[in-house]
Amino acid sequence: MRILLTGAGGQIGRDLINELLRRSKEPPSIVATDLRTPDAADEQEHVRWSRLDVTNEAATRAIFADFKPDIVFHLAAILSARGEKDPVTAYAVNQTGTWNVLEASYAARVKRLVFTSSIAVYGPGLPDPTPDAVPLQPATIYGVTKVSGELLCDYYTRRGWVDCVGVRFPGLISASLPGGGSSDYALFMYVDGVRYGAYEAFCRADTRIPLMYMPDGVRALAEISEAPRHKLRRCIYNVAAFSPRADEIAASVARAVPGVRITYVPEPVRQGILDSWPKALDDTMAREDWGWKARYDLDGMTDDLVPRVRELLARGVDLSHSNR
Ligand SMILES: NC(=O)c1ccc[n+]([C@@H]2O[C@H](COP(=O)([O-])OP(=O)(O)OC[C@H]3O[C@@H](n4cnc5c(N)ncnc54)[C@H](O)[C@@H]3O)[C@@H](O)[C@H]2O)c1
C-alpha cells in the first residue's frame, strides 16, 4: 500500500502516520509531505519526508505522478483562527490547494482521497446535536473553504474521477502543538495546568463545542479510508466524541492536577468563532454506515493526556502558544 499525506507535519499528521503503521499487516510505503521541512524526530522506517507546497500545482502533480499513491490523506490547511488573520493565505492553501490535490489525485489514479473537514462548515442557529445534512453557512474563511472542499469531493466522486471520503472533525486534542484553531483553549488547560498550575482561557466558562481525543481522530481517518464505498451514503461524515463546557474541562483537569486555577477572559474573535459552531454533533450516519464509535470520553482523555503532557514538558518539548 502506497500512502501520501499532505500537511503531514501538523498536529494530526504524525499521530496519523503512527496509526497507519500500527494497523497495516504489511508495512505501507508512506510519503509524508509538508510545507515545512521535517526535524530529526519525524524520521522513521517506511516513511519518506518530502517538501510540498499544495498551492504549487505543478509540484503537487509531479509528486503524485512520481509516487503513484493508492491512498491520499489531505491534511494541509490554514486553520480557523489563523485563517481569520490571513484570509488570502487560507484561501490559497485550503481552496486552491484542495483543487490541486483533487486534480493530481485524478491524474495519478489515486484509489481513495481522504479529506479532513471540520465543524467550522456550520454556522449558528442549527439543531443541537447537529446532523450531517443541514444548510452550511460558515462564519469563517476556513469554514467557507472547507464547505467548498466537501462539495468538490462530492462532485469528483459523483463524476467517477476520484473516490473521496472524509470526516467533519470536532476540535481535536492531543499532546502536541496545535495549529492555531479556536479549540486550542482545551489543550492549553492541560498544558498550562501542568506547567504553570494555571491557565487564562480565551473563551467564556460556558463555551460548549464538540471535542475529540486524537487517538479517536486518527482512527476515524484510518477507518473511513478503508470503508467500502457501497456502504457509504455520503462522502463526508460527522464524527463525535464528547461536548463539555469549558468549565467542565477545567474540572476534569483539576481531578488530575489538583489545585489548578483556570480563569476565563474571552477574546472576541475566537469567542465569536466558537459561538458560531454547533454545541454537539450527531454522528448517527457514521455509526450506521461504517461502524464509527469514539472510545474516549472527557475523563478518559484526561487520564491518558495528563501523563503525556508531563512527559513532553519534562523532555523540554516546545508546547508554547500565542495567547499568553
Ligand atoms: N486539529 C483540529 O482540531 C482539526 C479540527 C477539524 C479539522 N481539522 C483539519 O485536519 C487537517 C489537519 O489539521 P492539523 O490540526 O494537523 O493542522 P496543523 O495546522 O497542525 O497542520 C497543517 C499542516 O499543513 C501545513 N501547510 C500549511 N500550508 C501548506 C501548504 N501551502 N502546503 C502544504 N502544507 C501546508 C502546515 O505546515 C502544517 O504542518 C486540516 O485540514 C484541518 O483543517 C483539524
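How many salt bridges does the rule find across the interface of domain 1 and domain 2? The rule finds 1, a salt bridge being a side-chain nitrogen of Lys or Arg within 4 Å of a carboxyl oxygen of Asp or Glu.

Before starting, note that this is a predicted model, in which local features need pLDDT of at least 70, side-chain atom pairs count only at pLDDT 80 or more, and totals for chains, interfaces and linings use all residues. Residues are numbered from 1 along each chain as its sequence is written, and side-chain values use heavy atoms, with hydrogens and water left out.

**The two domains**

Colour residues 2–170 and 212–238 as domain 1, then 172–210, 241–279 and 296–314 as domain 2; these bounds come from an automatic or database domain assignment. The domain centres, taken over C-alpha atoms, lie 25 Å apart.

Between them the domains bury about 2,200 Å², with 63% of it on carbon and sulfur atoms. Buried area here is the accessible area (1.4 Å probe) that two parts lose on being put together, summed over both. Select Gln11, Met212 and Tyr213 in domain 1: these lose the most area to domain 2, together 35% of what that side buries.

Next, show the side chains of arginine 208 and aspartate 128, which meet in a salt bridge at 3.0 Å, N to O.

Helices (H or I, at least four residues) and strands (E, at least two) are DSSP runs, numbered from the N terminus.

Stay at aspartate 128 and look along the backbone: its peptide bond to proline 129 is cis, with omega near 0 degrees. Proline 129 is in the loop between strand S5 (112–118) and H5.

Move to helix H9, residues 268–276, whose buried residues are Arg270, Gln271, Ile273, Leu274 and Ser276. Buried means under 20% relative accessible area, exposed over 50%, partly exposed in between (1.4 Å probe, protein chains only). The buried residues of H9 pack against H3 and helix H6 (184–196). At the start of H9, a side-chain oxygen of glutamate 267 comes to within 3.1 Å of the backbone nitrogen of valine 269.

Then select glutamate 19 in helix H1 (residues 13–23). Glutamate 19 counts as buried because its relative accessibility is 9%. Not counting residues up to four places away in sequence, glutamate 19 touches Val218, Arg219 and Ala222.

**Two residues with positive phi**

Most residues other than glycine have a negative phi, and most peptide bonds are trans. Select histidine 46, where phi is near 70 degrees, in the loop between strand S2 (29–34) and strand S3 (47–51). Its relative accessibility is 37%, so histidine 46 counts as partly exposed.

End at lysine 68, with a positive phi of about 50 degrees, in the loop between helix H2 (57–67) and strand S4 (71–74). Lysine 68 counts as exposed, at 51% relative accessibility.

Note on methods: Contact means heavy atoms within 4.5 Å. A polar contact is a pair of N or O atoms within 3.5 Å; within protein, one must be able to donate a hydrogen and the other to accept it, and residues adjacent in sequence count only if both atoms are side-chain atoms.
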